[in-house]
Amino acid sequence: MRDSSMQVGVDVNRCVASGMCALLAPGVFDQEERTGQVVLLEEHPAAAEWEAVEEAERSCPGQVIRFGEAAAARGEAG
């Protein structure tokens, strides 16, 4: 199980604006009003949010969601 020390990152440039992330994990993701692209609301979600974050990652057609140490190392967050 993941915890709040884990970091979520997104690659906005690859986002196809499907909205699955905001639908599945609304406490962590939103969509930019004009373009529909992902907006990261919480880089360090609470442990209770991780199941939804992982489902959003699996459901994202653009595969833009990353989490763990790799997201932090690549600087993709926000």
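User: Okay, buried means under 20% relative accessible area, exposed means over 50%, and partly exposed is in between (1.4 Å probe, protein chains only). What does glutamine 63 count as?

Analyst: With 30% relative accessibility, glutamine 63 counts as partly exposed. This is a predicted model, where local features need pLDDT of at least 70, side-chain atom pairs count only at pLDDT 80 or more, and totals for chains, interfaces and linings use all residues. Residues are numbered from 1 along each chain as its sequence is written, and side-chain values use heavy atoms, leaving out hydrogens and water.

User: Where is glutamine 63 found?

Analyst: Glutamine 63 is in the loop between helix 2 (50–59) and strand 4 (65–67). Helices (H or I, at least four residues) and strands (E, at least two) are DSSP runs, numbered from the N terminus. Glutamine 63 has a positive phi of about 50° although it is not a glycine. Most residues other than glycine have a negative phi.

User: What phi does alanine 17 have?

Analyst: Alanine 17 has a positive phi of about 60°, and it is not a glycine. Its place is the loop between strand 1 (8–10) and helix 1 (20–24).

User: New topic: which residues have the most contacts inside the largest nonpolar core?

Analyst: They are Val8, Phe29, Val38, Val53 and Ile65, in a core of 16 residues. Such a core is a set of buried Ala, Val, Leu, Ile, Met, Phe, Trp, Tyr and Cys residues joined through side-chain atoms within 4.5 Å. Helix 2 gives the largest share, three residues.

User: And what does isoleucine 65 touch?

Analyst: Leaving out residues up to four places away in sequence, isoleucine 65 touches Val8, Gly9, Val10, Cys21, Phe29, Ala56, Glu57 and Cys60. Contact here means heavy atoms within 4.5 Å.

User: How many aromatic pairs does the structure hold?

Analyst: One. Rings of Phe, Tyr and Trp (its six-membered ring) pair if their centres lie within 6.5 Å; planes under 30 degrees apart count as stacked, over 60 as edge-to-face and the rest as tilted. Tryptophan 50 and phenylalanine 67 have ring centres 5.4 Å apart and planes at 75°, so the pair is edge-to-face.

User: Why does that pair tie together parts 17 residues apart in sequence?

Analyst: Because tryptophan 50 lies in helix 2 and phenylalanine 67 in strand 4. Tryptophan 50 is buried, at 2% relative accessible area, and phenylalanine 67 counts as buried at 19%.
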